[in-house]
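User: Hi! Could you walk me through this model while I have it open?
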Amino acid sequence: MTIREGEEVVALVLARRTGGYPDAEKHAAAPSIGPSHLFQAASLPIRGVAGGYNDLVPHPGQASVQFACEMAEAADWEKFAATALDFRTGAALKTYRPALPMFGGDDPEPKVLGLAVFSAATWEHLTGTIYGDHSPAEAAAVVLDAMRDAAAGLADRTIEYDPRRYDLLNLRYGSDYTFLDGRTGTLPTLSRCFGGEGHFEFAPCFTGFMCGPRGGLNPRSRPGGELHPDLREILLGLAETWTAGYALRYANRPLLPSAAGGQYVNAREVAGAAMLSLGQAAAALDYRIREFDSEKAADHLRLLLGQVDALRESISARLDGDRAVPSFAPR
């Protein structure tokens, strides 16, 4: 849908998915498997308005903007957009975790990030698509209660604290939680949102940052095991994004960079990777063509080649001719 200047929007920073199977770069022409097949969320939801040039003007005071900028070592959102979202530069992303074997440190290679922009009404609809599970607000409240209890147990030197509760502090594992007062509760799926389980995955760079010393999800990295002051907002943002991912999977729609505000370049990178896959397939076919000794098979291949030629001419015409009007580009 078209988003006009001044319209309320919600955005997610995206990072290209690499590795896994099928690899999103090497097999870009393969059908998508879930909403995170090509791109993964690399931020909390960022609320703002659409700018005059299809850029994003975030509302002030959001932890999501603060974390995105700090992860990319940008002074503010304008600097973040001019580096991390610029295909010519990108940004070296930081996790601020020690460069030890268990953590791996940071990748010094700059990464180009994308931006998926939703109208506020679309985002509200996506995050309201719940089937037999907690709403984002309920999920965030339950996990916040457990994290407060876990932080208290971590800080209490007079008790023997169950180390298995540490898993909760970075939201990787765990479903059932036993509180210090003896209560037990089943945590919502949000408590496993960084584990790569189920239908939605956050980008590893974002996971590393948020679970690191400056991301606010691990009290062990803060003095006295204190919880981050924006933890409620953090958990609500995670719950909303996870739920939106569920809805996108249900609708069979992938996360992709918006074709606006310069992000069309990232979208074209996907097309470029798909064309690369097509070239690799053609090279493999050329190698194996000698196996086709049937005239019927040869006729079929000639037909396919004709279709490829027509596709090439169509793509060339689009690249050389039509240009979308930036202020009305679809997101």
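User: Great. What should I know about the model before we start?
Analyst: It is a predicted model, so local features need pLDDT of at least 70 and side-chain atom pairs count only at pLDDT 80 or more, while totals for chains, interfaces and linings use all residues. Residues are numbered from 1 along each chain as its sequence is written, and side-chain values use heavy atoms, with hydrogens and water left out.

User: How many helices and strands are there in the protein?
Analyst: There are nine helices and seven strands. Helices here are DSSP runs of H or I with at least four residues, strands are runs of E with at least two, and both are numbered from the N terminus.

User: And what share of the residues is buried?
Analyst: Buried residues make up 41% of the 331 residues. Buried means under 20% relative accessible area, exposed over 50%, and partly exposed in between, with a 1.4 Å probe and protein chains only.

User: Which residues sit on each side of β5?
Analyst: Gly-114, Ala-116 and Phe-118 are on one side, with Leu-115, Val-117 and Ser-119 on the other, and both faces are covered.

User: How does β1 pair with β5, parallel or antiparallel?
Analyst: Antiparallel, over six bridges, with β1 spanning residues 8–16. Strands pair if DSSP finds at least two bridges between them. Within this pairing, Val-13 has Leu-115 of β5 as its bridge partner.

User: Switching to helices: which residues of α1 are buried?
Analyst: Ala-63, Ser-64, Val-65, Phe-67, Ala-68, Cys-69 and Met-71 are. That is seven of the nine residues in 63–71, so α1 is largely enclosed by the rest of the structure.

User: What do they pack against?
Analyst: The buried residues of α1 pack against β3 (46–50), β4 (56–58), α2 (77–83), α6 (204–210) and α7.

User: Where is Asn-252, and what is its phi?
Analyst: Asn-252 is in the loop between α7 and α8 (264–288). Its phi is near 60°, again a positive value in a residue other than glycine. With 65% relative accessibility, Asn-252 counts as exposed.

User: Last topic: how many cavities of 30 Å³ or more are there?
Analyst: Two. A cavity is a set of points on a 1 Å grid over the protein atoms alone where a 1.4 Å probe fits but cannot get out, and lining residues have an atom within 4 Å of a point. The largest cavity holds about 80 Å³; grid points are joined across faces, edges and corners, and the volume is the space filled by probe spheres set on the points.

User: Which helix gives the most to the lining of the largest cavity?
Analyst: α7 does, with three residues. Both α4 (136–155) and α7 (231–250) supply at least two. Among the lining residues are Ile-130, Asp-133, His-134, Pro-188 and Trp-242.

Key. On a 1 Å grid over the protein atoms alone, a cavity is a set of points where a 1.4 Å probe fits but cannot get out, and a pocket is an open set with protein on both sides within 12 Å along at least five of seven lines; lining residues have an atom within 4 Å of a point. Contact means heavy atoms within 4.5 Å.
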